[in-house]
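This report goes through one protein chain and the ligand beside it.

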Amino acid sequence: MTEIMIRSERLHKYYEGEVRVHALRGVDISIAKGEMVAMMGPSGCGKTTLLNCLSGLDDISNGKVWIGGKDLNSLSDNKKTELRALNMGFVFQFYNLLPVLTAVENVEMPLLLAGKSKYAKEKAKKALDMVGLSHRYDHRPSALSGGERQRVTIARAIVNEPDIIWADEPTGDLDTETSDMIMDILCKLNKKNGHTMVLVTHEDRVAERAERIIRMESGLIKRNCTKGV
Ligand SMILES: Nc1ncnc2c1ncn2[C@@H]1O[C@H](COP(=O)(O)OP(=O)(O)O)[C@@H](O)[C@H]1O
Ligand SMILES: [Mg+2]
């Protein structure tokens, strides 16, 4: 039987502001352990909101989310933070690297924050080796190209050996060739290490690398297609 890693039922999200936005309108989703899924849809349809709600970065308004069978709503904020620190890695479009830290120091950060400082430097170097950056350990982000920066963020995302990697437009800032290289790395990590991978993108070329493409429209999942079906 397939083990489900990420699941939501009737997930709703409202942003309360001057204007109330109903960003997620009842999303049912189920992602298997080890699966690589791409989420597509027009700008503003709720992709980032869904990723933030599923990972527990943002609170949901209604419905349910389970991660590895754990009901997110039953966890305190501290427990959710701990779950993210121990079981999840994040890759965003604009890298979010700390400019004063070297590549190794940036990659070490999640381990230090999770209180796992033993062998942190060695593990950070190993993660950088996996993304082909053995020659850039001591470079600061300003001395790296866009593709190299994104590889540092991928190394940072995998250093904890997380169950899940969330990537929001990871190739959005990169040229086609570099974007292909980043996708090669993500696919390889998914196959080799078995991370469950949820990838938001607006590029067909990127989405086609995933096993399944989920299309969103106006806060809802529109079509759920497995490749070749
Ligand atoms: N912090 C926020 N406060 C209010 N509205 C928001 C906020 N973040 C996103 N939204 C709105 O929610 C909807 C979905 O946004 P988002 O999830 O960022 O879309 P996508 O990632 O698909 O482009 C949009 O209408 C957007 O304007
Ligand atoms: Mg977005």
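## Pairing of E1 and E4

The model described here is predicted. Strand E1, residues 4-15, and strand E4, residues 62-67, run antiparallel and are joined by five bridges. Ser8 has Val65 of E4 as its bridge partner, and Arg7 stands opposite Trp66 in E4.

Strand E5 covers residues 70-71 and is linked to E4 by two bridges, with the two strands antiparallel. Trp66 has its bridge partner in E5, namely Asp71. Trp66 is also the residue that Arg7 stands opposite.

Two residues lie between the strands in the hairpin of E4 and E5. In this hairpin Gly68 takes a positive phi, near 55°.

## E1, E2 and the order of the sheet

E1 and E2 pair over nine bridges, in the antiparallel sense. One of the pairs is Leu11 with Val27, the latter in E2. A hairpin of five residues connects E1 to E2.

What is the order of the strands in the open sheet? The four strands follow the order E2-E1-E4-E5, with antiparallel pairing. E2 and E5 are the edge strands, each pairing on one side only. In general, the strands of a sheet pair through backbone hydrogen bonds.

Twelve positions need to be located here, and they fall in separate parts of the sequence. Around ligand 1 are Tyr15, Gly17, Val21, Ala23, Gly41, Ser43, Gly44, Cys45, Gly46, Lys47, Thr48 and Thr49. Strand E2 (21-32) and helix H1 (47-54) each give at least two residues to this shell. H1 supplies the largest share, three residues.

By residue class, the shell around ligand 1 consists of four nonpolar residues, seven polar residues and one charged residue.

## Lys116

Lys116 sits in the loop between helix H3 (103-113) and helix H4 (120-130).

## The chain as a whole

The secondary structure of the protein chain comprises seven helices and 10 strands. The C-alpha trace spans about 45 × 45 × 40 Å along its principal axes. The radius of gyration of the chain is 17 Å, which agrees with the value near 17 Å for a compact globule of 229 residues.

Of the 229 residues in the chain, 41% are buried. Contacts were also sorted by separation in sequence. Among those between residues at least 6 apart, 70% join residues at least 24 apart.

Note on methods:
Residues are numbered from 1 along each chain as its sequence is written. Chains are lettered from A and ligands numbered from 1 in the order in which they are written. This is a predicted model: local features need pLDDT of at least 70, side-chain atom pairs count only at pLDDT 80 or more; totals for chains, interfaces and linings use all residues. Two strands pair if DSSP finds at least two bridges between them. A residue is near a molecule or strand if its C-beta atom, placed from the backbone, lies within 6 Å of it. Ala, Val, Leu, Ile, Met, Phe, Trp, Tyr, Cys and Pro count as nonpolar, Asp, Glu, Lys and Arg as charged, and the others, Gly among them, as polar. The radius of gyration is taken over C-alpha atoms; the globule rule is 2.2 Å times the number of residues to the power 0.38. A residue is buried if 20 or more other C-beta atoms lie within 10 Å of its own, exposed if 12 or fewer, and partly exposed in between; C-beta atoms are placed from the backbone. Two residues are in contact if their C-beta atoms, placed from the backbone, lie within 7 Å.
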